[in-house]
Amino acid sequence: MRLLLFRSLWTNDFDLNAALAECQGGSFDGVEGPTPMAAAERREFAARLAGSGVPFIAEVATGGGYVPVETSPERHLDDFRRQADAAMEGSPLFFTVLGGCDAWPPGQSAEFFGRVLVHAAELGVVASVETHRSRPTYSPWATRGLLEQLPELRLTCDFSHWCCVCERLVLDTEPGLLALCAARAHHVHARVGYAQGPQVPHPAAPEYRAALEAHERWWDAIWAAHAGRDFTTMTPEFGPDGYMHTEPFTAVPAADLDAVNHWMGSRQRTRCANLPTAGAA
């Protein structure tokens, strides 16, 4: 089994050309990000992807943005349908879905994701729902309820959010939940969270070693669950927009964001090459 690393456009100011160059240079294998909604921009975006020959993961965020500003389930479903339909022009490998709203009751969330899965199936593309703050998957226990109600639901696992929400390295104390998430994982967003936030300043810093190693244990459970596949996918996703720590008053970043994502990708490529199932398929 091979590890395919994806460059998140959110982490590089949505610069598709730079991301494709990094794929050509071998740092990454594909690109993950939103599809432009304007027709002309979308055609150009799809043409550049096709010309590069690299795989594309289409990101779909409902409710008005990465953090939902609208709570109407119908608005969220309409957003998903429009963005998913538009993304098909780029021949996505699958959708990463930041969908729904954390304010909804569990039954409403399950109904929404059930309808998302139906539309994705009609398009012939997997909808992989991200574990994310502000969404119905904001906590491990809320996510467990959705997985139990929707056997076809698959996850883009970003466990950094849960560390922040639960204020601890929560999956170390929830082996059953970790096993369930690993069994239903479709994709991994490789960012390291800690008890007080969704992103450590730099995962190589010794003061965050315990958090890094915890996340790697959790990712290894997913790798093991994917044994027998030709490949599994991961996106290093250390980001800007308040995630990266900065100095007070000057707003100077605590670390170089591109360097952090390249460091994480290189580390995980090396690690996965030495895991038991590497090369087995």
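Author: Begin with the secondary structure. This is a predicted model, and the protein in it has nine helices and eight strands.

Reader: What radius of gyration would a compact globule of 281 residues have, and what does the protein have?

Author: The idea is to set the model beside a rule for globules. A compact globule with 281 residues would have a radius of gyration near 19 Å, and the protein has 18 Å, so the two agree. Along the principal axes, the C-alpha atoms fill a box of roughly 50 × 45 × 40 Å.

Reader: How much of the protein is buried?

Author: A residue counts as buried when its relative accessible area is under 20%. By that cut-off, buried residues are 53% of the 281 in the protein. The accessible surface comes to about 11,700 Å², and carbon and sulfur atoms hold 53% of that surface.

Reader: What share of the contacts joins residues 24 or more positions apart?

Author: Consider the contacts with a separation of 6 or more. Of these, 77% are between residues 24 or more positions apart.

Reader: How many positive and negative side chains are there?

Author: There are 22 positive and 34 negative side chains in the protein. The centres of the two sets are 4 Å apart.

Reader: Now a single residue. Where is Leu153, and is Leu153 buried or exposed?

Author: Leu153 sits in the loop that runs between helix H5 (140-149) and strand S6 (154-157). Its relative accessible area is 1%, so Leu153 is buried.

Reader: Where is His132, and is His132 buried or exposed?

Author: His132 lies in the loop between strand S5 (127-130) and H5. With a relative accessible area of 8%, under the 20% cut-off, His132 is therefore buried.

Reader: What is in contact with His132?

Author: Apart from neighbours within four places in sequence, His132 is in contact with Leu98, Thr137, Tyr138, His161 and Tyr243. His132 and His161 are 29 residues apart along the chain, and 5.8 Å separates their C-alpha atoms. Their side chains make a polar contact with each other, at 3.4 Å.

Notes:
Residues are numbered from 1 along each chain as its sequence is written. This is a predicted model: local features need pLDDT of at least 70, side-chain atom pairs count only at pLDDT 80 or more; totals for chains, interfaces and linings use all residues. Side-chain values use heavy atoms; hydrogens and water are left out. Helices (H or I, at least four residues) and strands (E, at least two) are DSSP runs, numbered from the N terminus. The radius of gyration is taken over C-alpha atoms; the globule rule is 2.2 Å times the number of residues to the power 0.38. Buried means under 20% relative accessible area, exposed over 50%, partly exposed in between (1.4 Å probe, protein chains only). Contact means heavy atoms within 4.5 Å. Accessible areas come from the Shrake-Rupley method with a 1.4 Å probe; for residues, only the protein chains shown count as cover. Lys and Arg count as positive and Asp and Glu as negative; His and the chain ends are not counted. The place of a charge is taken as NZ of Lys, CZ of Arg, CG of Asp or CD of Glu. A polar contact is a pair of N or O atoms within 3.5 Å; within protein, one must be able to donate a hydrogen and the other to accept it, and residues adjacent in sequence count only if both atoms are side-chain atoms.
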